[in-house]
Amino acid sequence: MSSVPKKAERIELLQGTLDMLILRTLLLGPSHGHQIGKHIQRTTDDLLQVQHGSLYPALHRLERKGWIASKWETAPDRNREFKYYRLTAAGRKRLLKEESKWKQMARAVAQIMWPAEEG
Amino acid sequence: MRWWRRKHEEELDRELRSDLELEAAERAESGLSPEEAQYAAKRALGNAGLIREDVREMWGGAWLDRFRQDVSYAARAFTRTPGFTTVVILTLALGIGATTAMFSVVNAVLLHPLPFRNPDRLVVIWERFISNPNSPPVFDSYRDFENWKSGSQSFERLAPATWKAEGQILTGAGPAREVFAMPVGVDFFSLLGVAPELGRTFQPDDLRAGCTVVLKHSFWIDTFGGQTGVLGRHIELNQNACSVVGVMPPEFAFYPDAAALWTLITPVSDIARDPKSAVGVFALLKPGVSIQRAQQEVQALYRNSPSNDMGGIHVKPAIYPLAEQFAYLTGPTLRLSVMVLFGAVSFVLLIGCLNIANLLLGKSVARQKELAVRAALGSGRARLIRQLLTEALLLSVTGAALGILLALTAVHYFRTLNPIPMPPGNPVSVNLPVLAFTASLAVLTALLFGLVPAWKASRVDLTDALRATAHTASGGLAARTLRRVLVVAEVALSLALLVGAGLLIQSVERLASVPLGFPTDRMIAMPITLPKWAYAAENQRARFYRAALDRTALLPDVASSAFASSLPANHFGGSLLAIEGKPVPTLSPAALDVGQVSVSSGYFRALGVPILVGRAFEDSDGEKSPAVAIVNQALVREYFANENPIGRRIKLPQPKTDRPWLTIVGVVADEKGEDFFHPMSWKETPAVFRPVDQDPPSRVYLVFRALTGSTAPAATIQKQIATLDNNVPIGDVQTLNEDISRKLSYPHLRAVILAAFAGLALLLAAIGLYAVLSQLIAQRTREFGVRMALGAQRSGLLKLVIREGMLLTFAGIAAGLIIALSLTGLIGSLLYDVKATDPWTLAGVSLLLALVTLLATYILARRASRVDPMVALKYE
């Protein structure tokens, strides 16, 4: 029982950031869940491992908020359907907002962590 | 909704499956065997069930789904344990039902605003004695009303109204009868802001017209059959033609309930022409004006009023909210009674909740394994608590639904039986605010009895719980201690209720068994009102009364009969007493305590009131003979202490000072009577009795003692009186016993209800104790089986169970006595002849409680001691 991290902790840890990463990934074009996960993992040289347990709830949450939309479509290279997610207009705006928030945050953290470089 | 959900579930499955396949394909590409790839992909995906649950959470509305699951799971669990479920739901139904019923009374009497337009601004102005601020308020004078109306700035409207007025005889609408037409000012209805059902209410033009009246709905139906043609018609009140201008809607009610119609006070009315007429002044405060400010203003006006009889020395005006006064006038102890009983019923509900918490704790021990399995399968702790709380909520909502039915029945019976007078305004009903209260009660009780067991049960230690068998599970020391504490609390609370019930029951019994000074058995009374126009002269009235008595005396079923201007137990004071040769006492509530009663010569004999000194009235005490009086012991005690009253001369200076001096010819024993403002007592009003021939009132009671218990002779007497004059109205026939028990209706009902609550509490506490003890036995059965197999005596287990039972009981009694002693002070004013700390009551109810719990313990212990060692050992 105790080895499974509590749900509350998982979401707190990843929610804002994961949402932003998903939106950014979809900026490149529609993808299905597996592609999104792999993309984040590969782009960061496996540094960020996206758990399925976080990814799929996040996708469904973003869809519910109207930031992404989904459609079952046949993949170009395979002869089967996948659930493709794509960014909506609202999602684009959201991504911009998240991005600037993240930048601010990163700068603020940097100011505290490495004050000498600022001076 | 459902198909939407199913479609989503299918799509999610498909989505996760395709992810899994892609993952497996990738792993296979990197060189793993298909099986290994499949396995690795599954591991990468993680707990698919959990993902599904989390995703569903994101869809929204998931809680509803989960709730439905929890409910159906709970319902299944309950059908597996029907006995437990029935006990819990019945407990809740009784507790919530009783609380809801009581709350509907609280709501009607204390909370719900009066059904008038600006209930929060409606006030009544009384006057109260400065020397004795705790004495009941008194009426204002009509002149006060006029002064305040012209001089004050605090009020939007002011209107006088009074019930210190005589009934009037209604003729021209069926047989002549006496009705109470309440005189009110022109702004009375507009102040209340209630529109009539028919026609209009009073308007300024009416002040210049003759008599105008507005009818109460029920009077309109009874007298005019609800005909709309009644508007503009004339009815005759004391032979005055009064034109009907309107009818009030059925829900309109004002104090007193007896008022059948309202007459307008015009400048030529008796009330307006005598500035000392007693009226109540009702007023609508201007928005934003506080009662204090308005009170200061009327007090200043009162002080500066030069024509004021009392000059502001003895009394001063005081302002009260109307709703509070309605309750007070209807029953001075009503508000307190309602609060005490609501407190009591909350105790019952609390005991019920403790009891259920207790039962659930016991059950959760048995359910440990089930919960452990669910936890092992991935149910989070929050989910387990939610599940257990859902179960609690399901129980409480079912209980509340049954409780509402119970409350509806109780309220229905209360309104049908009408055991006590209730204040005008809001009828007691299970309405929306009450239902909202019940709904929140359901949630509150679920939390109360569900939270602790749910919390405890969710803290299962998996390995321990899974290893243990149901029979060895003990629930841990902490849980057992908690259950013991709950039982002690239940016993304590029910003891407190029993003490309260014991005190109230003794109070009403003692109050009812006080000898009033006159035997009431087979005594029957009926009021007779002589029309003033036909019987204007005193000798006309005296002659009529003599003739009526002569006829009554001849009837075979009548043992004795007499006339009296007020019924025994209803001789109210209100006058000063002047004694020849002594100064007239100064005005104060204590000095205004003498009552005057006109009686026929046979009154004392018929009532069985002994003459102690001097003589009774005789037929020779006629209008031409010297004016005489008989006084009672109470008057002698107060005004002739250590003096011989016989031969002394007295008079009652109010209202008319030109009356002749009365010579005291006899002293009679006291009749005890009602003290309206102190309902938990009997009062011996100092009384001056006058021969009816010398002072014949126009309204008297014919009282007679029947030979049998039946009131049948009353009908014969009514016929006899009708043959004398069929225009003389005779009021409702009642027995004196009915009159007395009506005076006891509040204390009586209060005691009955509290006793019922206490009984319920006792039952619940006994069940609680029984449950804890039976768990104790269940836990130790195996141990005792082993012990008995090794030769131990059966009495061992018996002793253990009884010791535990007695320990819990005595701890509960000790705690209960402390609670009782700290609370009974609140009901001090509801008691009669018994102290709130009465040791016999405390000892008596403690003993009762101990006996009941001992019985519960004994029954259980007997069962436990029949344990067969072999059966107990086979459990393993």
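H3(A) and H3(B) count as roughly parallel to each other, because angles under 35 degrees are classed in that way, and here helix H3 (residues 52–65) of chain A and helix H3 (residues 48–59) of chain B pack at about 15 degrees with their axes 8 Å apart. Helices here are DSSP runs of H or I with at least four residues, strands are runs of E with at least two, and both are numbered from the N terminus; axes are lines fitted to C-alpha atoms over the stretch in contact, with angles running from 0 to 180 degrees between N-to-C directions. The model is predicted, so local features need pLDDT of at least 70 and side-chain atom pairs count only at 80 or more, whereas totals for chains, interfaces and linings use all residues. Residues are numbered from 1 along each chain as its sequence is written, and chains are lettered from A and ligands numbered from 1 in the order in which they are written.

The residues that make the contact (C-beta atoms, placed from the backbone, within 7 Å) include A:Tyr56, A:His60 and A:Arg64 of H3(A), and B:Ile51, B:Val55 and B:Met58 of H3(B).

Turning to chain B as a whole, this chain has 25 helices and 25 strands. Its radius of gyration, taken over C-alpha atoms, is 37 Å, well over the 29 Å that the globule rule (2.2 Å times the number of residues to the power 0.38) gives for 876 residues, so chain B is more spread out than a compact globule. The C-alpha atoms of chain B fill a box of roughly 135 × 70 × 55 Å along the principal axes.

How values were computed:
Angles under 35 degrees count as roughly parallel, over 145 as roughly antiparallel, 65 to 115 as roughly perpendicular and the rest as oblique. Two residues are in contact if their C-beta atoms, placed from the backbone, lie within 7 Å.
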